[in-house]
Amino acid sequence: MFAAILNCIAEVVAGSAAWLGRGLSCVCVQRRDSDASNSFDLTLAQEECLQRLQRRIDVPYDSSIIEHQDALRALWNAAFPEEELHGLISEQWKEMGWQGKDPSTDFRGGGFISLENFLYFARNFPKSFQDLLRKQEGDRSVWEYPFAVAGVNITYMLIQMLDLEAVKPRNLVGATFLKFLAENESAFDLLYCITFKLMDHQWLSMRASYMDFNAVMKATRRQLEKEILVEDITRLEDLPSYKLLSR
């Protein structure tokens, strides 16, 4: 059934701007034309923080690296502490919402940083992490979004939304985020947690099903941009959506 749903969605969203896996895509990450002509100056601290984050973004997931293998095992242990993992390639991974038995194939869209995002979420907000993984809150759809693949999509969406691959941010949201990053090196990971929880909140509010994933992601991005640009927000913990998280 799950494979059939993935194939169905692929037919609907094929050709969109971002394509992650066979099923989910983020059409919400297309850069606005008006952003291309803008460039925002950075302080030295902001520039250094951006460069460190960019180095993280540039690291692909490599299943031959012991550190990456250990991180993947740590993710399983955080997700299913009561269940022993039989191998880094195992049918068990489908329980977490990966598309197949080898999660490394799904990390191609987000790189190693998407795995780091997952681990930060699991360790810092374990209740929210488990609630989303196990779909424990709200009136859920019969056809739910797969947790793991959605998480990689969120990493990718944030990189695009914040224009993090540019030398300098070309949109106000990205420039504002770098102020948060200069104050908190974990700002990207924290924003990931906020975004994941906000996405699920939008999912429930919209009474969405699998076919609505792209619409939910668009709504999530719009709400996130709106909150980041509120004038008196000085740190990510001040965002209204931060209150959705539970430890």
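Before the first click, a contact here means heavy atoms within 4.5 Å. This is a predicted model, where local features need pLDDT of at least 70 and side-chain atom pairs count only at pLDDT 80 or more, while totals for chains, interfaces and linings use all residues. Residues are numbered from 1 along each chain as its sequence is written, and side-chain values use heavy atoms, with hydrogens and water left out.

**Stop 1: the core**

Select F118 and show its neighbours. Leaving out residues up to four places away in sequence, F118 touches L75, W98, F107, F129, F147, A148, G151, V152, Y192 and F196.

Now widen the view to the nonpolar core, meaning a set of buried Ala, Val, Leu, Ile, Met, Phe, Trp, Tyr and Cys residues joined through side-chain atoms within 4.5 Å. Buried is under 20% relative accessible area, exposed is over 50%, and partly exposed is in between (1.4 Å probe, protein chains only). The largest such core has 69 residues, and M96, F118, F129, F177 and F196 are the ones with the most contacts inside it. Two or more residues each come from helix 2 (44–57), helix 3 (66–79), helix 4 (112–124), helix 5 (126–133), helix 6 (147–161), helix 7 (172–183), helix 8 (187–205) and helix 9 (213–228). Colour helix 8 if you want the biggest giver: 11 residues of this core come from there. Helices (H or I, at least four residues) are DSSP runs, numbered from the N terminus. In soluble globular proteins, nonpolar side chains tend to be buried together.

**Stop 2: helix 6 and what follows**

Next, pick helix 6. Of its 15 residues, 14 are buried.

Step just past the end of helix 6 to D163, which takes a positive phi of about 55 degrees. D163 is buried, at 3% relative accessible area. Show its side chain and you'll find a salt bridge (a side-chain nitrogen of Lys or Arg within 4 Å of a carboxyl oxygen of Asp or Glu). The partner of D163 is R170, with the closest N and O atoms 2.8 Å apart. R170 is partly exposed, at 25%.

**Stop 3**

Most residues other than glycine have a negative phi. Select K135, in the loop between helix 5 and helix 6, where phi is near 50 degrees. Then jump to R207, in the loop between helix 8 and helix 9; its phi is also near 50 degrees. Which of these is buried and which is exposed? K135 is buried, with a relative accessible area of 17%, whereas R207 is exposed at 66%.

**Stop 4**

The whole structure has 15 salt bridges. Select R140 and E144, whose closest N and O atoms are 2.9 Å apart in a salt bridge. R140 is buried at 19%, and E144 counts as buried at 16%.

Move to helix 9 for E225 and R221, which sit 4 residues apart, about one turn of the helix. Their salt bridge has its closest N and O atoms 3.0 Å apart. E225 counts as buried at 9% relative accessibility, as does R221 at 5%.
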